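User: Please examine the model below, and set each conclusion against the definition on which it rests.

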Amino acid sequence: MIPLSKPYIDQKEIDAVVEVLRSSTLSLGPKTEQFEKEFASLTGSKYGVAVNSGTSGLHLAIRALGIGPGDEVITTPFSFIASSNCILFENATPVFVDAEDQTFGMDPDLVEAKITEKTKAILPVHVFGNPSRMTRVMELAEKYDLKVIEDACESPLATHFGKTIGTLGDVSVFGFYPNKQMTTGEGGMVLTDNEEIYKLVLSMRNQGRGDSMQWLSFDRLGYNYRISELTAALGVIQTAKLPEIIERRSAAAKMYMSYLSDIPEVTLPKTLENTKHSWFVFSIRVKSEWRDEILKELNAKGIQSKAYFYPCIHLQTYYMESFGYKKGDFPVAEKLSNEMIILPLFTEITEEQIKTVTDNLKEIIHKLR
Ligand SMILES: *Cc1c(COP(=O)(O)O)cnc(C)c1O
């Protein structure tokens with residue numbers, strides 16, 4: 001069996017968790033602060049707040065920017081559902097623009113037409129570790145005085161014109177679920193250079209406690225989005241490994257590219273010039289009529305693979321029922337969603353495993369021809 005993803009965990013993580021267990025400080029302690037400092041510094045951000053999931057982080061980012069009922073946030077339907085749900089949590093409205101074929105992220109050229117008096121923010125998602133066209137997004141944000149929330153959950157250490165993804169917008173969010181490049185089991189991180197946003201996120205993570213963090217004094221509505229010290233200890237080790245993790249995944253992606261370069265029916269992912277991909281998954285595109293058959297056969301051979309983001313967010317039941325979306329509303333996102341297959345990619349994947357995957361894929365496609 002070749003799994004789709006696999007955490008890169010060794011004795012270091014095990015020792016770190018055991019050390020926390022022996023310390024008797026199991027929450028709000030030194031490991032959380034260390035994790036925040038080290039992740040923020042690796043990414044090049046001033047402040048980090050560790051939270052219990054990427055979704056919680058996105059929710060706090062929306063709240064910290066004061067986005068609420070009646071406000072609109074421009075985002076993409078080709079994403080994991082949390083990037084849009086976080087807007088609904090605050091009774092604001094996600095306004096979708098279609099994805100683009102190259103980066104799989106939002107098409108920035110479609111954003112301007114969707115800006116209204118109610119628009120408060122743009123929320124681009126760096127899909128699969130490939131940076132969205134942020135230069136254009138930031139230009140529009142400046143022109144119309146909009147905030148930018150980067151959903152960087154799939155893109156730690158990706159870069160765009162020399163800048164690290166997650167440092168371009170006002171606030172950014174990372175996720176550490178086990179299928180992500182680095183993992184803490186469950187967990188996330190909010191990054192910002194803005195002290196005010198930082199203080200709000202820090203407070204709202206912990207029930208809305210005030211600056212003095214007095215035990216029973218609450219300044220605002222807050223949540224319990226804290227992480228435990230065990231989780232943070234994993235985060236410290238995984239953060240230190242992150243550059244190696246990204247390097248190894250890039251090498252694996254390169255191998256996939258070369259083994260698959262001679263199959264005309266397979267469209268390989270592209271990375272725009274001046275950007276560095278951080279390879280959350282390795283995705284290929286095939287004719288939509290072939291996709292399910294290919295998935296069925298790969299999985300039957302023990303090669304775990306999946307359709308990804310299928311269906312698109314606007315075609316999820318809740319969104320269709322609440323907003324009346326239907327097929328055809330965002331044709332590029334839907335095409336991507338109908339054609340996309342993700343193949344096994346994890347830090348320790350070997351060339352032999354990649355060869356097994358690509359040999360089998362070639363055989364399946366040969367039969368379908
Ligand atoms: C993983 C992910 C999240 C956050 O997921 P959690 O499971 O809440 O950590 C958010 N957005 C995108 C695009 C993701 O891939």
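Analyst: In this predicted model, the largest pocket holds about 460 Å³ of space. Of the 29 residues that line this pocket, Phe-80, Ile-81, Ala-82, Glu-154 and Lys-180 are the closest to its centre.

User: What makes a residue part of the lining of a pocket?

Analyst: A lining residue has an atom within 4 Å of a grid point of the pocket; 29 residues line the largest pocket. They divide into 16 nonpolar, nine polar and four charged.

User: Which helix gives the most to the lining of the largest pocket?

Analyst: Helix H3 does, with three residues. H3 and helix H4 (82-89) each supply at least two residues of that lining.

User: Where is the ligand in relation to the pockets?

Analyst: The ligand takes the space of the largest pocket. Its shell consists of 13 residues, of which Gly-54, Thr-55, Asp-151, Glu-154 and Lys-180 come nearest. Helix H3 (residues 54-64) gives the most to this shell, with three residues. By class, the shell divides into five nonpolar, five polar and three charged residues.

User: How much of the ligand does the protein bury?

Analyst: The protein buries 92% of the 390 Å² that the ligand exposes when taken alone.

How values were computed. Residues are numbered from 1 along each chain as its sequence is written. This is a predicted model: local features need pLDDT of at least 70, side-chain atom pairs count only at pLDDT 80 or more; totals for chains, interfaces and linings use all residues. Side-chain values use heavy atoms; hydrogens and water are left out. A residue is near a molecule or strand if one of its heavy atoms lies within 4 Å of it. Accessible areas come from the Shrake-Rupley method with a 1.4 Å probe; for residues, only the protein chains shown count as cover. On a 1 Å grid over the protein atoms alone, a cavity is a set of points where a 1.4 Å probe fits but cannot get out, and a pocket is an open set with protein on both sides within 12 Å along at least five of seven lines; lining residues have an atom within 4 Å of a point. A molecule sits in a cavity or pocket if more than half of its atoms lie within 2 Å of its grid points. Helices (H or I, at least four residues) and strands (E, at least two) are DSSP runs, numbered from the N terminus. Ala, Val, Leu, Ile, Met, Phe, Trp, Tyr, Cys and Pro count as nonpolar, Asp, Glu, Lys and Arg as charged, and the others, Gly among them, as polar. Grid points are joined across faces, edges and corners, and a volume is the space filled by probe spheres set on the points.
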